[in-house]
Amino acid sequence: MNPYQSDDFDDESWLLQEGLEPLGDEHFMRQALQLARTASEQDEVPVGAIVVLGNKIIAGAYNQREQLADPTAHAEMIAITQAASYLNSWRLLDCTLYVTLEPCPMCAGAILQSRIPRVVFGAVDPKAGAVVSLYQILSDSRLNHRCEILGNVLAPECGRVLTEFFDRKRKLGKK
C-alpha cells in the first residue's frame, strides 16, 4: 500500500463516472477545497489537490506533513503519487492537477517530472509560489516540459481556508 494513501480514499465512490459531460474547473476545484478543509480539521496546512483524467478523479490528497512527519508530504506530491499508482505509469499524460494553493518549487518539479500537461490552482502564494509568484517553473522555456496553467480559480474561497487556519493558529499561539 502506498504510504501516502489516505484511508479517506479507499472507497472509490468519490470517483466521478466516465462518459459524463465535461465538468468545469470550478467543480473540480471545489473537490480540492473539500480536501483542504479535511487537512485543516486534522491540523494540517489546508491545501488540497486532485488529479483528473477526463471527467474522473483518479487521485486526491491534502497536506500531511505533520501526520507523516514528512516534509515532502504536500497535497500535490501525494496526489501525483496516487495518480501514478492508479495509472501504473509515472507519465500522467492527459491529466489535470487541481490544487487550492499555487505549487511550491518542489511540487512544481514533481509536476514537470510527471508530465502533467495542465495545472489549475486557486490562491497565489506570494511567499513560496513557483508557478506565477516567485518563480515560473511550469512555463520556463529552458526546461523540457511545460504546462498549461490556469490560476485564481475560486481564489477567494481557497485563500479564505488558509487565512482562517493561520488566524486560528495565531490565536492559539502556535506556528
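How many bridges join strand E1 to E2? Select residues 48-53, which make up strand E1, and you will find that six bridges join E1 to E2, with the two strands running antiparallel. Keep in mind throughout the tour that this is a predicted model.

Next, select alanine 49 together with alanine 61, its bridge partner in E2. Move on to glycine 54, which takes a positive phi near 65° in the hairpin of E1 and E2, where two residues lie between the strands. Then colour residues 56-62, strand E2: seven of its seven residues are buried, so the strand is largely enclosed by the rest of the structure.

Now turn to the largest pocket, which holds about 650 Å³ of space and is lined by 22 residues. Select Val45, Leu101, Asp125, Leu162 and Phe166, the lining residues that lie nearest the pocket's centre. Helix H5, residues 155-172, gives the largest share of the lining, with six residues, and by class the whole lining has eleven nonpolar, four polar and seven charged residues.

Aspartate 167 is partly exposed at 32% relative accessibility, whereas arginine 170 is exposed at 55%.

Finish at aspartate 140 and arginine 142, whose side chains meet in a salt bridge at 2.6 Å, N to O. Here aspartate 140 is buried, with a relative accessible area of 17%, while arginine 142 counts as exposed at 74%.

Notes:
Residues are numbered from 1 along each chain as its sequence is written. This is a predicted model: local features need pLDDT of at least 70, side-chain atom pairs count only at pLDDT 80 or more; totals for chains, interfaces and linings use all residues. Side-chain values use heavy atoms; hydrogens and water are left out. On a 1 Å grid over the protein atoms alone, a cavity is a set of points where a 1.4 Å probe fits but cannot get out, and a pocket is an open set with protein on both sides within 12 Å along at least five of seven lines; lining residues have an atom within 4 Å of a point. Grid points are joined across faces, edges and corners, and a volume is the space filled by probe spheres set on the points. Helices (H or I, at least four residues) and strands (E, at least two) are DSSP runs, numbered from the N terminus. Ala, Val, Leu, Ile, Met, Phe, Trp, Tyr, Cys and Pro count as nonpolar, Asp, Glu, Lys and Arg as charged, and the others, Gly among them, as polar. Buried means under 20% relative accessible area, exposed over 50%, partly exposed in between (1.4 Å probe, protein chains only). Two strands pair if DSSP finds at least two bridges between them. A salt bridge is a side-chain nitrogen of Lys or Arg within 4 Å of a carboxyl oxygen of Asp or Glu.
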